[in-house]
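Hi,

Have a look at it first, then read on.

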Amino acid sequence: MSGDARTVRAGRRTVEVHRPDKVLFPGGDGGDGGEDGEGDGKEGEHAKEYTKGDLVDYYRSVAPYLLPHLRGRPLMLERHPDGLDGPVFMQKNTPEHYPDWITRAEVAKEGGTVTHTVCDDTATLVYLADQACLTLHRWLSRAGHPDRPDRMVFDLDPSDDDFEPVREAARLLGELLDTLKLPSAPMTTGSRGLHVVVPLDGRHGFDEVREFARDVAELMVAGHPGRLTTAARKKDRGDRLYLDVQRNAYAQTAVAPYTVRARPGAPVAVPLSWDQLDAPDLGPRRWTVADAVDQARTRPWAGLPARGRALGPARRRLDALRG
């Protein structure tokens with residue numbers, strides 16, 4: 001085997017990794033121009049350099065915790081063949097040269113279909129890392145029922161670098177979802193804010209789920225109009241935190257738990273327990289490829305039920321709260 005490639009054992013398969021020493025995440029000053037450096041738990045640090053081999057090793061290690069969030073779901077792949085400093089490719093269609101053992105899912109789009117990659121095993125994860133796929137963006141539904149989401153996502157998007165409003169909004173949202181008897185769990189995004197994820201039973205269409213999420217968000221805004229907003233346009237938000245529910249639509253995606261983000265230092269989107277929301281060092285980029293597996297081993301979402309909830313009872317409770 002030449003120095004330009006190495007083989008990696010992944011389950012029952014062996015995957016060749018090309019140019020494992022290629023730098024995908026250059027080292028340098030921590031942060032990324034100050035967009036959200038405050039409160040991310042990494043302030044003032046020197047961003048470590050990571051190679052393609054490091055990316056492969058991370059995804060191989062985190063596979064037992066990541067794959068349950070990917071199996072059966074169409075993916076949009078965020079590829080950076082030349083690393084952070086090069087062009088980015090948002091890939092929906094699966095190239096013909098991908099191995100035939102990688103699962104595909106053909107789903108409808110306006111005027112035709114798209115054949116998405118589906119990541120069902122560790123070998124596929126390793127292969128995608130070899131393709132310099134840094135971030136895995138997953139559908140909220142599965143390929144067998146693409147129009148029936150089994151996840152609802154609230155994206156808490158701050159207006160500036162202060163993370164405290166994100167914590168506060170997450171607490172408020174968690175309390176409201178508890179009142180509606182909907183289990184939920186937070187996740188760092190590895191980028192700016194937090195996601196709050198609600199498992200559903202997959203019986204409702206995207207329009208119904210998005211309408212429910214919007215009504216939840218608007219109820220929160222009604223109680224805290226000076227701090228929260230559902231305004232889609234940035235110019236209409238002011239300094240309020242944006243409660244984004246637009247991911248709850250057909251063919252929209254959200255970053256998968258334990259996926260790497262294309263930012264200096266290779267931060268990772270990491271599930272949290274609700275108790276961890278109060279940790280003083282918590283921020284959207286608290287974990288990286290160096291320590292995200294340690295967090296995964298604590299199984300922070302162990303309290304979520306195996307089966308998601310129906311929205312019918314929660315809708316009745318929500319309507320009662322809205323008056």
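Let me start with a lysine: Lys 22 counts as buried, at 17% relative accessibility. Buried here means under 20% relative accessible area, exposed means over 50%, and partly exposed is in between, using a 1.4 Å probe and protein chains only. Lys 22 sits in the loop between strand 2 (13-18) and strand 3 (23-25). For the element names, helices (H or I, at least four residues) and strands (E, at least two) are DSSP runs, numbered from the N terminus. Apart from neighbours within four places in sequence, Lys 22 is in contact with Thr 51, Lys 52, Pro 81 and Asp 82, where contact means heavy atoms within 4.5 Å.

Before going further, some ground rules. This is a predicted model, so local features need pLDDT of at least 70 and side-chain atom pairs count only at pLDDT 80 or more, while totals for chains, interfaces and linings use all residues. Residues are numbered from 1 along each chain as its sequence is written, and side-chain values use heavy atoms, with hydrogens and water left out.

Arg 19 lies in that loop between strand 2 and strand 3 as well. Arg 19 is partly exposed, at 49% relative accessibility, and has a positive phi near 50 degrees without being a glycine. For background, most residues other than glycine have a negative phi. Arg 19 is also one of the residues touched by Ala 5, along with Glu 16, Val 17, His 18 and Pro 20, not counting residues up to four places away in sequence. Ala 5 belongs to strand 1 (residues 5-10) and is buried at 9% relative accessibility. Ala 5 and Val 17 are 12 residues apart in sequence, yet their C-alpha atoms are 5.4 Å apart in space.

Now the helices. How many residues of helix 2 (residues 122-130) are buried? The count is 9 of the 9, so helix 2 is largely enclosed by the rest of the structure. Those residues, among them Thr 122, Tyr 127 and Asp 130, pack against strand 1, strand 2, helix 1, strand 7 (75-79), strand 10 (112-118) and strand 11 (133-139). Just after helix 2, Ala 132 takes a positive phi of about 60 degrees.

Helix 3 (residues 164-179) has 16 residues and spans 23 Å from its first C-alpha to its last, close to the 22 Å expected at 1.5 Å a residue; that expected span is 1.5 Å times one less than the number of residues. Its buried residues are Val 166, Arg 167, Ala 169, Ala 170, Leu 173, Gly 174, Leu 176 and Leu 177. They pack against strand 12 (151-157), strand 14, helix 4 (206-223), strand 15 (228-229), strand 16 (241-244) and helix 6 (312-322). Take Ala 169 in helix 3: its relative accessible area is 1%, so Ala 169 is buried. Ala 169 touches Leu 156, Met 220, Leu 228 and Leu 241, leaving out residues up to four places away in sequence. Just after helix 3, Lys 181 has a positive phi of about 60 degrees.

One more positive phi: Tyr 258, near 70 degrees, in the loop between strand 17 (253-255) and helix 5 (292-297). Tyr 258 is buried, with a relative accessible area of 3%.

On to the cysteines. With a disulfide taken as a pair of cysteine sulfur atoms within 2.5 Å, the count comes to 0. Cys 119 is buried at 0% relative accessibility, and Cys 133 is buried at 1%.

Last, the pockets. On a 1 Å grid over the protein atoms alone, a pocket is an open set of points where a 1.4 Å probe fits, with protein on both sides within 12 Å along at least five of seven lines; lining residues have an atom within 4 Å of a point. Grid points are joined across faces, edges and corners, and a volume is the space filled by probe spheres set on the points. The largest pocket holds about 570 Å³ of space. Of its 23 lining residues, the closest to the centre are Pro 68, His 69, Arg 151, Leu 304 and Pro 305. Helix 1 (52-66) and strand 14 (194-199) are the elements that give two or more residues to this lining. The lining divides into 15 nonpolar, 2 polar and 6 charged residues, with Ala, Val, Leu, Ile, Met, Phe, Trp, Tyr, Cys and Pro as nonpolar, Asp, Glu, Lys and Arg as charged, and the others, Gly among them, as polar.

Cheers
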